[in-house]
Amino acid sequence: MTSSYPSLTRALAEALVDVLWFIDGSEDEQMDQDDAVKVMEGFAHVVSTLPSDQRQELIELIGEMAAAEDNPARRGFLEAFPEGFGLIDEVS
């Protein structure tokens, strides 16, 4: 069996984005919104603790995914992802 992903990092980034995209788009009857917020905040906390080179790698992967995305709504989600999930430090 041959993987369609060039690396484990890419495969995990794609899987993670799929989960977060699902959670972000879930309605109240699909998922408890408090739980959804906890998951999203938990992810944002984890990536905020990554060293800068690993955050940059994830930002680049997300950018590649956004550039290749055909769905406009998902592309917008991916384009907003680095800032929305704390990968990019806020400019003061």
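Reader: What volume does the largest pocket have?
Author: About 230 Å³. A pocket here is an open set of points on a 1 Å grid over the protein atoms alone, where a 1.4 Å probe fits, with protein on both sides within 12 Å along at least five of seven lines; lining residues have an atom within 4 Å of a point. The volume is the space filled by probe spheres set on the points, which are joined across faces, edges and corners.

Reader: Before we go on, what kind of model is this?
Author: This is a predicted model, where local features need pLDDT of at least 70 and side-chain atom pairs count only at pLDDT 80 or more, while totals for chains, interfaces and linings use all residues. Residues are numbered from 1 along each chain as its sequence is written, and side-chain values use heavy atoms, leaving out hydrogens and water.

Reader: OK, back to the pocket. Which residues line it?
Author: Among them are Leu 12, Leu 16, Phe 43, Val 47, Gln 54 and Leu 61. Helix H1 (8-25), helix H2 (33-48) and helix H3 (52-68) each give two or more residues to that lining. Helices are DSSP runs (H or I, at least four residues), numbered from the N terminus.

Reader: And how many of the lining residues are nonpolar, polar or charged?
Author: Nine are nonpolar, two polar and one charged. Asp, Glu, Lys and Arg count as charged; Ala, Val, Leu, Ile, Met, Phe, Trp, Tyr, Cys and Pro as nonpolar; the others, Gly among them, as polar.

Reader: New topic: how many salt bridges are there?
Author: The whole structure has four (a side-chain nitrogen of Lys or Arg within 4 Å of a carboxyl oxygen of Asp or Glu).

Reader: Which residues are linked in a network of them?
Author: Arg 10, Glu 14 and Glu 64. Arg 10 meets Glu 14 at 2.8 Å, N to O, and both lie in helix H1, four residues apart. Arg 10 also pairs with Glu 64, with 2.9 Å between the closest N and O atoms.

Reader: Is Arg 10 buried or exposed?
Author: Buried, at 14% relative accessible area (buried is under 20%, exposed over 50%, partly exposed in between, with a 1.4 Å probe and protein chains only). Glu 64 is partly exposed at 43%.

Reader: What does Arg 74 pair with?
Author: Asp 18, at 2.6 Å, N to O. Arg 74 lies in helix H4 (residues 72-84) and Asp 18 in helix H1, so this bridge ties together parts 56 residues apart in sequence.
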